[in-house]
Each structure stands twice: as C-alpha cells, then as structure tokens.
Amino acid sequence: MTEDDRTEQGRSDFIRDVIEDDLRTGKHGGRVVTRFPPEPNGYLHIGHAKSICLNFGVAEQYGGHCNLRFDDTNPLTEGVEYADSIVYDVNWLGFSFGDRARYASDYFDEMYQLAEELIGDGKAYVDHLSDEEIKAYRGSLTEPGRPSPFRMRTAEENLALFREMRGGALPDGCCVLRAKIDLGSPNMKMRDPLLYRIRHAHHHRTGDAWPIYPMYDWAHPISDAIEGVTHSICTLEFENNRELYDWVIDSTRVSERHGFSRPHQYEFAPLNLDYTIMSKRLLLALVEEGSVNGWDDPRMPTIAGMRRRGFRPEAIRAFADLVGVAKVNSTVDIEKLEFCVRNDLNWTAPRVLGVLRPLKVTVTSWPEGKLEALTAPYFPPDVGKPGERTIFFQREILIERDDFLIDPPAGYQRLAPGRTVRLRYGPCITCDDVVTEEGEVVELRCHHVPESVGKNPAGVKVSGVIHWVGAAESVSAEVRLYDRLFLAARPDDPANELNPDSVEVITNARLEPSLAGAEPGSSWQLERVGYFVFDPVDSRSDAPVLNRIVTLRDSRPGRAEPAVPTSEVKASRTSTRPAKRSRIEYRAEARVRDPLLADRFATWSALYGLPEGDVDLLTGDRPSGDLFEAATAAGAPSAAVARWMINELPHELNDRLLDETPLTGSGLGALVLAAEMGEITGAAAKEVFAEMVQRGGDPAQIIAERGLAQVSDEATIAAIVDHVLAAHQDKVDQYRAGKTGLFGFFVGQVVRSSQGRAKPEVVRQLLGVRLD
RNA sequence: UGGCGGGUAGUUCAAUUGGCAGAACGCCGGACUUUGGAUCCGUAGGUUGGAGGUUCGAGUCCUCCCCCGCCAGCCA
C-alpha cells in the first residue's frame, strides 16, 4: 500500500448503502449532511476517530458536509478546555468543518420555544415527583409504569410551571418537564422521558442565562433538524433512543419549520480495542488518579496521546478505514492499529542509527583518531525517497548490547566471539576478544575487514548486520519505551489491571550525530529497533527525549505471541434466562380466544392433509385461514397453497397485515395452480406473487403483460446457454479445471438472461451436456 | 422476564440483493540478504450460531431453537 491508496476504492458498509439509496430516491433532495456531536466533557479518543472518519468521510464522499456540533447540554461536566481540544483534534485528524462549529447551546432559545408549544399541545407536563419516585413510577423491563399524579395537569398549568422553572426561582431537583408519551411502552425510553431539568450552574458558553437545561433526547433531534442533518449517525447504545428521536421530530415539526427533510438516525458499533479502554469516565479516572501523566500521555488511547506517541493522522484514518463500519459489537486486534502505524511510518520516517543500550567496541585494527565518512541514505530503495547524511566510522564505536552473545544459540545472526558481522553502512568487523568485569561484558575488541564497505568480503562468512554509532561522534538521549497500558485484553477492572511495565525509561541511549538538532515531533526509524518520535513536550535540543512509537514487525521465527483466547466470554456464559414468549405461543393464545381458529387447528390436518406444523402457522389468525380456504376453493392443491403462504407470504408482507394487502384467495389460488401446472417457473411465480401482494391484480393478466410464460423449449434455451458460455469463457475454463461450484453461476446467468422464464431443469440438463 | 439490535475464517469486514463463500490483519512457511525490517510469493484456517423447511439452487427466504449486546440517570 502506498500513501495514495488511502483514498481507495469503494468501501461498502450499511451506512453508505443507506445514503446511496437515499440519493437514488431523492429522499433529501440530494443533500447529505452529517454531524459529529461530542460532549465537551473529555478528550477525544480513537473510538471518536472512527466516528469522525465516518461522518466527515461520507459527507466528503457524497458531496455533502459535516458539522462539528458540541452536545453541551450538561454544564456540570463540560468545559472550554475540552471543547478547544476537540476542535484541535478534529483538525489535526485532517478534517475541516470551516465555519460549521455548532453548539447545542446555540439552540437553547428555540428548544425552549418548542417545549412551550409541546406543552400547549398537551404533549408535555411538569412533574414534581422526586427522582426516586420517578424511577419507581417508571416500572421495570417487564412491568409497565404508572402515571405520575401530576400527569393530568392542564396545559395552562404546565405552561405557568415551566415558565416558573425558566424564571430561575425554583431550586435544583424541584421539578422537571416530561414528555407525555406512553408509560406502558415496552421501550423504557418512551415512558414519559425527561425533557428539561433545573440546574443552577454556570455554562461555559451561555453563562448564567439558563437555570434549566434540555436533556439529550430533546436537544439532539432538534439540533439535527435545525442544521438540516440528513443522516444522524450514532453508536449502538442509542438504538432505543431512535423511537424517541422520531417522536420529537414529528411532535415539534421542527424540520418543516426550517424547510428541511427530516433527519434519520442510524446506529453503528462503537470501536473496542484490545488492551485499551474507551470509556471517557474511566479515562478521566486514570488521569485524575495519576495512573498516567495527563490526557496526552503517550499510553493513552486519546487522539492527544496518540499524537504525542508519534502516530500520524494518516495512520489513524487508515485504521478507521481498515476496521470498517457495521452493527456487530466487536473488539479489534491492537495489531491492526500497529500495522497501520508502521505502514504509514514506513513511507515517511527516515532511517537513522541509534543504540539503546550501548556496548563499547574497540576496533583494534583502526588507527586512533581516524574518522571515515560514510554515506547513508535516509530511505531504502523500495521506498525510493531521496536524502542521505554522513556518518563516521572510528576506532571506538557503540553497538547494541543485545547484538552480542558469548555463547550464541543456533541461528543467531549477530556478533559472537570469532564471528564477523557487518556494521550497517560500514565495514565488517570480527570479534577477537571479550573484556569482562565481574562476569559482565564491558567491551569487545574487534578488527575490521579491509575493503568491506559496500561489498562482501571474499572468503569471510558474515553472520548478519547490526547497527552502531561512533563512541565520540554521537549524542546522548533519553528514550521512553511504551508498552500496552493494561495487562488484560479486556480489562474488567481497569484500575487494578494496569501494566506496571507500560513505560521503560532508558537514559543513556546514543544517537548518530545527524539527529542533534531534530525537531520535536519529528519521527524516525532507528534501524532494527523501531520507530521513534522526538517528544513534542519534553524533548530539548540539548537533552533529546524519544518516544518509541511502535516496534518493527518482528519476523523472527517463534517470536509471535500466542493468540489471545477471546472466546472465553462466549463459552463460559450460559443463559439463566428462560426463553421469551415465542410466536408459537401467540398463535396458541389466539386459538384459545377464538373458537373458529381452534376448530380449524383441530380439523385442518385431516381435512387438507397437512402436517400439524403447517396447520399451526395457518390458524394463528383469521385472515390467513380465510385466504387459505379461498385459495383452495379456487382449485389449487392445499399443500402447495400452504407452502406459498408459509414460505413466501411473510417475507412479501414485510410488517404489513394480510388484510391490508390487495391479495385475494382466488388470485392466490390461480397463481399456485399456474405454478403447479408448469405454466410459469418458480422464479416467475415469485415475481407475480410479489406484484399481487403489493398492488393486486389477476395472475393470468400479469403473466401475459410481463411475458412470463415458462420456456421449456430446448432449442430456445440452448441458444441462451451457448450465449452465456461464450460470454464467460474464463469461467468455463475454470469449471473444466475443477471449479464445479461455478455450475450454479451458469444456471443463474441463463435464468437471468431469460428473465426467469427458462425452465431450470432444462437449463441444468443442457449446461451439463455442454460443460462435460 | 418485556422490547430493540446482532451472530460469515483467530480478528475486523465483504459477498452484485436467491447463483463462484472472498479481502485485509494475524498466523505458519518460503524467496531475498547492507534493517531478523521493508518487499515478493505461498500454505493453512469456514457445518456462514444450530436444526428443520421452501427452491433447480439458500450466508441470503420461512419456522423453531441457541448465544451475545443495549434499555428502568434530573448523563450523553
């Protein structure tokens, strides 16, 4: 992958499907407007980055625009510091919202006005129940709620009380404004949700102008509608709020007032990442408890933390593309992020030499004081970028302590006594002597192989290539090696599962001299060691500090970590929950209430020769049974009618009630008969059936109009077969080479070419002859 | 014990709307040899949650079952 591939081919996800569909049907007059709606109560993290890339990404892709909108409806937790950081982070990620930074608080006046109107319509009331009482009155997941004693107040009374709330004389918690919807709703969010609460608090934008603040469920849909948002994209946990979102839009008619089509809410799965947490609350706790050094600690999954760690926005955007968008709750491998980071840095980070844990090497064959200038390119040939610098070979150099072993294991491609290795960009050296102090290796004495710079020495086996710096010609640096913040892939109790070794500080690393004046924030690859960034906060030119961004991918055999068992959760959790009431029970109950249904259930099995399961499905309600009776009365075989009603009808109905459709028993009977008699194919019959359910009509007429009569004439079909095979010669070759699964593909192509009229059995038979 | 949403390779996602179950990451292996990197090549990995059914043909349609997530804040 190159840098340019980022803006790649057509991604496919359900959100983009919806948008493309809406664009086709002109639902919003061709507009695409999205919004990214953070609450300014914390720093943005990688999960928000996914949402940002989605919202800004689709807006850009479909020629629309995306607003940055602050959901600032709770003054207690929000602040300017957070709002500022969010603006900065979104821009840093590479998305521009121009002058479209919006605040829910900008709309407080209109929201208030709409609330007064809602009260006037009798759709909201002021409730003086306490918070505990409201909770108790709301019922439970299985029991309906009870009305508050204040629910029946008149509109005038409510309006006066609401204005009193707004006036500011009432204390916090005194009362709230609630929507009057449905306390018996199976959706808890619809049980008279709160719209406004009293909060005498200073707001970072509106100051002390408001003693009351709107709740999310009131503020969000109205804000979307005011801004003309078309696709309001949020995370899965808001699925239950969608019904209320629609209720607010419809009840206030706010979209019409602003001359826009109404927005629709769509939910996607939030990002979860191995070994990290996304909860703002828990991240805040880490900051407050000092487990990390602030929101921009390089170990934090915040945008600020990743920026300081050295991740570039391109990498984060590539990651968002890589993980995609779906509705399944999932957890992404941290390796995917690391892959994107490496992939990005590979193209952008110059290669330089640096030694983390130096070991002194004296090249005894090299004269004291002699410096040899060596030219080293910044990028390898496959990256192909220009640039080079000079490094100096000298008598005393430093190599990585890990690159020498007295007693090397098999396959060790580094230095050992008697072995020869190449110094990157320099000559080869051979280890002659090991100097130890108290059992520890403190120095190596080597000689260099003459004429070995830039060419392989004859007759000498080179074990490998190692990095190095000159002992005198190098700069000292502090290096911070970061590891994952948590020990567990999915911490249950994050505060107690912190990785104690999430950062290791090395104070005496040595870098090649060209790095002396490196810019804070610039990123480099220390060859064979990893990618590093000069810390934008702590690094100074006289005291450089490097953060390890990510290690290089380690392809040494056997170095891979064992796969994390992620299926634990699935395996260990068994359901203690009894099966919920199924449709089978609903049908049984209907028969208890309706003797006619009970009678049909008891007799139809024998009467029509149907299996009991089929009879159950046909006798759960009257319209189904009526239709069945009428269709069989029209002369169609009962078993076939039952099959059509059971297998095809529910799908075609798609939520509608049977008696709301123009489908008639005689029509169904005639269709089934036509299909049974072989007048039309099954595929054509389905097409006719769909038409009859949607718009009604006589099957014979529809068949005639659309020319759907079955074709079983071999000559006609053979012509189509030949045409299809000729058009897909490559597939024919594959088929003959053994990919027999393609047979279905050919059948499909032929049937499609005939508009569903060709008899499949004949198609199969002819194809079989042609292909073998 | 309600409602809503979901279940395709180890992971994250595709599958032209009923017609070839694929890609990327990861893994394993190979090639290369001035990064144990990059790059290139290859292998393995699937009862599409399960069982029935409809169909010439089902990941996709029907029925039943199983599993996972979310919802009872005056948070968003």
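**Entry 1**

The model is a predicted one, in which local features need pLDDT of at least 70, side-chain atom pairs count only at pLDDT 80 or more, and totals for chains, interfaces and linings use all residues. Residues are numbered from 1 along each chain as its sequence is written, chains are lettered from A and ligands numbered from 1 in the order in which they are written, and side-chain values use heavy atoms, leaving out hydrogens and water.

I then listed the aromatic pairs, of which the structure holds 21. Rings of Phe, Tyr and Trp (its six-membered ring) pair if their centres lie within 6.5 Å; planes under 30 degrees apart count as stacked, over 60 as edge-to-face and the rest as tilted. The pair of Y43 and W295 is stacked, because the ring centres are 5.1 Å apart and the planes stand at 20 degrees. Y43 lies in the loop between β1 (33–36) and α2 (46–61), and W295 in the loop between α10 (280–288) and α11 (303–309), so this pair ties together parts that are 252 residues apart in sequence. Helices (H or I, at least four residues) and strands (E, at least two) are DSSP runs, numbered from the N terminus.

**Entry 2: F108 and Y213**

I examined another aromatic pair, F108 and Y213, which is edge-to-face, with 5.9 Å from centre to centre and 75 degrees between the planes. F108 belongs to helix α4 (residues 108–120) and Y213 to strand β7, so the pair ties together parts that are 105 residues apart in sequence. I noted that both F108 and Y213 are buried. Ring pairs also link F108, Y112, F162, Y196, W210 and Y213 into a cluster.

**Entry 3: The sheet that contains β7**

In which order do the four strands of this open sheet stand? I read the order β4-β5-β6-β7, with antiparallel pairing; two strands pair if DSSP finds at least two bridges between them. β4 (124–127) and β7 (212–214) are at the edges with a single partner strand each, so one side of each has no neighbour in the sheet. From one strand to the next, the twist averages 20 degrees.

I followed β5 (residues 176–179), which is joined to the antiparallel strand β6 (residues 194–198) by three bridges. R178 has L194 as its bridge partner in β6. Helix α6 (residues 155–167) lies across β4, β5, β6 and β7 and runs at about 60 degrees to β4. Axes are lines fitted to C-alpha atoms, for helices over the stretch in contact (heavy atoms within 4.5 Å), and angles run from 0 to 180 degrees between N-to-C directions.

**Entry 4: The seven-stranded sheet**

I turned to an open sheet of seven strands with mixed pairing, in the order β10-β23-β24-β25-β21-β22-β11. Its edges are β10 (351–352) and β11 (354–355); each has a single partner strand, so one side of each is left without a neighbour in the sheet.

I recorded seven bridges between the antiparallel strands β21 (residues 475–482) and β22 (residues 503–511), where V475 has L511 as its partner in β22. β21 runs parallel to β25, and three bridges join them. β24 and β25 pair in the antiparallel sense over four bridges. In β25, L546 is the bridge partner of V479 and also of F534.

Is β25 mostly covered or mostly uncovered? I found it mostly covered, with six of its six residues buried. Helix α13 (residues 334–348) lies across β10, β23, β24 and β25 (545–550), running at about 120 degrees to β25.

**Entry 5: E527**

I located E527 in the loop between β23 (523–526) and β24 (530–534). E527 is buried, with a relative accessible area of 6%. Its side chain makes a polar contact of 2.4 Å with the side chain of Y425. A polar contact is a pair of N or O atoms within 3.5 Å; within protein, one must be able to donate a hydrogen and the other to accept it, and residues adjacent in sequence count only if both atoms are side-chain atoms. Leaving aside neighbours within four places in sequence, E527 is in contact with R351, V352, L353, R424, Y425 and H467.

Terms used
Buried < 20%, exposed > 50% of the residue type's maximum accessible area, 1.4 Å probe, protein only.
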